[in-house]
Amino acid sequence: MRFKMILASSVAKKIYMSIAGLVWVLFVTVHLLGNLQLLNSNPDPFNKYSYFLTEQTGEIIYVLEFLLVLFLVTHFVYAIWVQIGNWRARPQGYSMVRWAHHTSKRSIGSVTMIYTGLLILVFIVIHLINFKYGTVYTYTPYGFTHPIRNLYKTVIEFFQNPWNVAFYVVIMVLLGFHLSHAIWSSFQSLGLGSKNFTPFWYAVGVIWAIVIAVGFVFIPLWIYFTHTGGAL
Ligand code: HEM
């Protein structure tokens with residue numbers, strides 16, 4: 001009975017972590033699509049999009065931001081909890097990363113989850129300071145009669161610095177590793193396809209992770225190489 005309770009709680013933890021993580025995967029995917037407007041040499045579409053989200057959605061944006069923070073913090077707390085349990089159960093750890101077949105897929109992504117996760121958490125805080133709470137420029141875009149924030153200029157200026165570009169590229173690669181295990185593993189925890197390994201859902205998870213990482217790596221590199229020394 002006690003064993004059953006422990007099992008139930010650990011399954012509950014995994015299911016909760018999966019849901020919270022997938023909410024973030026959804027956010028990051030939409031965020032990437034929105035940020036692709038930074039590739040446009042005209043700042044208006046990106047700035048109008050950002051203005052719409054921050055100024056024209058009323059209370060909705062605050063509710064969404066609150067939910068994102070809540071899911072992030074609880075995902076993190078559960079991850080630490082599960083990891084401590086794993087360390088206690090197997091204190092010596094694995095001496096090497098082996099590729100396991102069928103029901104388990106051990107990979108660099110899977111064994112570094114706790115470390116890449118921690119780095120991504122630290123990144124998010126730095127990232128908000130860089131942009132959301134970064135330098136505020138204003139201008140009046142075409143079709144507007146009042147000035148709005150020129151967030152495009154803040155981002156372009158930030159990625160003129162090669163160290164900032166390098167930092168983002170490294171973190172985005174780590175994000176790719178984290179997601180390459182996280183997405184597929186969440187599908188598995190939620191029972192999508194089968195409780196066991198299914199090549200289809202594994203491929204979906206890995207390809208999704210690669211698309212997100214490549215997309216986010218491309219943006220700073222594109223900005224750096226197309227705007228260096230150029231106009232904002
Ligand atoms: C090249 C990569 C990225 C760029 C250029 C970028 C750009 C931006 C910008 C410009 C903002 C400010 C939006 C505003 O205040 O209107 C922002 C906010 C944010 N970004 Fe990113 N981002 C990148 C990657 C990421 C990644 C990988 C994550 C998550 C893992 C992330 C999470 C967030 C969050 C949580 C916010 C705050 C959203 C809000 O307050 O509503 N970003 N990002």
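Here are some friendly notes on this predicted model, point by point.

1. Let's start with confidence. The protein has a mean pLDDT of 87, and 85% of its residues reach 70 or more. The stretch to treat with care is residues 94–100, where the pLDDT is below 50. Beyond near neighbours in sequence, that stretch still has eight contacts in the model. Where pLDDT is low, the predicted coordinates should not be read in detail.

2. Next, the overall layout. The protein contains eight helices and two strands. Going along the sequence, the order is α-α-α-α-α-β-β-α-α-α, with β1 at 138–139 and β2 at 148–149. Of the 232 residues, 18% count as buried. Among contacts with a separation of 6 or more, 73% join residues 24 or more positions apart.

3. How many residues surround the ligand? There are 21, and the closest are Ser50, Phe131, Lys132, Phe216 and Ile219. By class, this shell is made up of 14 nonpolar, five polar and two charged residues.

4. Which helices supply the shell with at least two residues each? They are α1 (2–35), α2 (44–55), α3 (60–89), α5 (113–130), α6 (151–158), α7 (162–189) and α8 (199–227). The top contributor is α5, which gives four residues to the shell around the ligand.

5. Ser50 deserves a look of its own, as one of the residues closest to the ligand. Ser50 sits in helix α2. Is Ser50 buried or exposed? Ser50 has 22 other C-beta atoms within 10 Å, and the threshold for a buried residue is 20 or more, so Ser50 counts as buried. Not counting residues up to four places away in sequence, Ser50 touches Arg149 and Leu151. Ile148 is 98 residues from Ser50 in sequence, yet their C-alpha atoms are 9.6 Å apart in space.

6. With 18 C-beta neighbours inside 10 Å, Pro141 counts as partly exposed. Leaving aside neighbours within four places in sequence, Pro141 is in contact with Asp44, Asn47, Lys48 and Ile148. Pro45 is 96 residues from Pro141 along the chain, and the C-alpha atoms of the two are separated by 9.1 Å.

7. Now for the pairing of α7 and α8. Their axes come within 7 Å and cross at roughly 170°. An angle over 145 degrees counts as roughly antiparallel, and α7 and α8 are therefore roughly antiparallel to each other. By class, the contact of α7 with α8 has 24 nonpolar, three polar and no charged residues.

8. Two residues from α4 and α5 can be read together. Val111 belongs to helix α4 (residues 108–111), and Met113 is found in helix α5. Val111 is partly exposed, with 15 other C-beta atoms within 10 Å. Met113 is also partly exposed, with 17 other C-beta atoms within 10 Å.

9. Where do these two residues lead in space? Val111 and His178 are 67 residues apart in sequence and 9.5 Å apart from C-alpha to C-alpha. For Met113 and Phe177, the sequence separation is 64 residues and the C-alpha to C-alpha distance is 8.1 Å. Setting aside neighbours within four places in sequence, Met113 is in contact with His178 and His181.

Terms used. Residues are numbered from 1 along each chain as its sequence is written. This is a predicted model: local features need pLDDT of at least 70, side-chain atom pairs count only at pLDDT 80 or more; totals for chains, interfaces and linings use all residues. A residue is near a molecule or strand if its C-beta atom, placed from the backbone, lies within 6 Å of it. Ala, Val, Leu, Ile, Met, Phe, Trp, Tyr, Cys and Pro count as nonpolar, Asp, Glu, Lys and Arg as charged, and the others, Gly among them, as polar. Axes are lines fitted to C-alpha atoms, for helices over the stretch in contact, and angles run from 0 to 180 degrees between N-to-C directions. Angles under 35 degrees count as roughly parallel, over 145 as roughly antiparallel, 65 to 115 as roughly perpendicular and the rest as oblique. A residue is buried if 20 or more other C-beta atoms lie within 10 Å of its own, exposed if 12 or fewer, and partly exposed in between; C-beta atoms are placed from the backbone. Two residues are in contact if their C-beta atoms, placed from the backbone, lie within 7 Å. pLDDT is the predictor's confidence in each residue, from 0 to 100.
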